[in-house]
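Trainee: Hi! Could you walk me through this protein while I look at it?
Mentor: Happy to, let's bring it up.

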Amino acid sequence: MDKLRALTVFRRVVELGSFKAAADDLNLSKAAVSKNIYELEDYLQSPLIQRTTRKLHVTDQGKSYYQQICQVLDSLAQADLSVLESTDSLKGSLKISVPMSLGLVEINPLICAFMQQHPALAIELLMTDHYIDLMEQGVDIAVRGGATLADSSLRSRKLTDIKRVLCASADYLRRSPPLHSPADLSQHQCLVYSLSSSARRWSFKKQLQQQDVELPVSRYTVNNGLALAQTAKLGHGIALLPEYFVKQALAQGELQQVLPDWQTEQHSLYIIYPYHKEQSQKVRAFIDFMLLHYSQI
């Protein structure tokens, strides 16, 4: 038995929840995965995974073993990194996950600048507005509009605050009821970003006043911020968007800020990474690069 291989296979089976997924992830056959698990269980004289035709169940012994071998495998990986990354030049690959719209408008140009500084480093960029499991997807770093960490093995660093703007086209505002306060939004077409944690509830502050608005049923709901901005520019309603997406449209008059005296709920941008990656020179270099950029804005 190749014990290191068997431990790696066992770990991925537990994390991905199936033999087939682990086989695909490790570029092995399903039979090879089964063989590694069988040999490991035979060596330990203890069942680690119970298999049925429908699902997989990790035994109590298997759960305890998984927690311990993760620490061992991570320590070995870190030992490798300490040698591989011992030179000043960053080499190898870095897998980064970013939101689709924010990635196109804001983050991807920064990644390109980082690549220019480190020409021997290969970047794999995963753009998606959906939540992904960093451990399952093998992601080194994620940039997200929120610091909620469902997994205790993750760490986060705040990059910057994200100003959001309530806006609409001049054409839409001309043919719609006047807006004096957030409560008036109930009479308007509000365009909804479906992946927001508060998609249909917008919060506003003005000095000591606060108003939370439950939005009426929208004619337009979308899971992409740039599409939302485009729809607002075409006169279909009012949108609440990160300033990154609409700065140019506001400057050129394609959109107008609505209720400028009222502040919208502020979001923040974070960089998130698995805790065992924080000693990686590549990961640290990218985090430092991003922190430096936003500290200078």
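Trainee: Which domains does the domain assignment give for the protein chain?
Mentor: The assignment gives domain 1 (3-84), domain 2 (92-161 + 268-296) and domain 3 (164-266); such bounds come from an automatic or database domain assignment. This is a predicted model, where local features need pLDDT of at least 70, side-chain atom pairs count only at pLDDT 80 or more, and totals for chains, interfaces and linings use all residues. Residues are numbered from 1 along each chain as its sequence is written, and side-chain values use heavy atoms, with hydrogens and water left out.

Trainee: Thanks! How far apart do the C-alpha centres of domain 2 and domain 3 lie?
Mentor: Those two centres lie 28 Å apart.

Trainee: And how many residues of domain 2 are in contact with domain 3?
Mentor: On the domain 2 side there are 12, in contact with nine residues of domain 3. Contact here means heavy atoms within 4.5 Å.

Trainee: What area do domain 2 and domain 3 bury between them?
Mentor: About 850 Å², with 60% of it on carbon and sulfur atoms. Buried area is the accessible area (1.4 Å probe) that two parts lose on being put together, summed over both.

Trainee: Which residues in domain 2 lose the most area to domain 3?
Mentor: Those are Ser 101, Val 105 and Asp 129, which together make up 47% of what the domain 2 side buries.

Trainee: Which elements supply at least two residues of the domain 2 side that touches domain 3?
Mentor: Helix 5 (100-117) and strand 6 (154-162) each do. Helix 5 gives the most to that side, with six residues. Helices (H or I, at least four residues) and strands (E, at least two) are DSSP runs, numbered from the N terminus.

Trainee: How do the residues on that side of domain 2 divide?
Mentor: Into five nonpolar, four polar and three charged. Ala, Val, Leu, Ile, Met, Phe, Trp, Tyr, Cys and Pro count as nonpolar, Asp, Glu, Lys and Arg as charged, and the others, Gly among them, as polar.

Trainee: Back to salt bridges. How many does a search of the whole structure find?
Mentor: The search finds 13. Side chains of opposite charge can pair when their charged atoms come close. One of the bridges joins Arg 11 and Glu 15, with the closest N and O atoms 2.9 Å apart.

Trainee: Why are Arg 11 and Glu 15 separated by about one helical turn?
Mentor: Because they are four residues apart in helix 1 (residues 3-16). Glu 15 also forms a salt bridge with Arg 12, the closest N and O atoms being 2.4 Å apart. Glu 15 and Arg 12 are three residues apart in helix 1, again about one turn.

Trainee: Are Arg 11 and Glu 15 buried or exposed?
Mentor: Both are buried, and Arg 12 is buried as well. Buried means under 20% relative accessible area, exposed over 50%, and partly exposed in between (1.4 Å probe, protein chains only).

Trainee: Which residue forms a salt bridge with Arg 201?
Mentor: Asp 212 does, and their closest N and O atoms are 3.3 Å apart. This pair links distant parts of the chain, 11 residues apart: Arg 201 is in strand 9 (residues 201-206) and Asp 212 in strand 10 (residues 209-214). Arg 201 is partly exposed at 39% relative accessible area, and Asp 212 is partly exposed at 36%.

Trainee: Which residues do salt bridges with shared partners join into one network?
Mentor: Arg 11, Arg 12, Glu 15, Asp 25 and Asp 74.

Trainee: New topic: where is Asn 36 found?
Mentor: Asn 36 is in helix 3 (residues 30-44), and it is buried, with a relative accessible area of 10%.

Notes. Salt bridge = Lys/Arg side-chain N within 4 Å of Asp/Glu carboxyl O.
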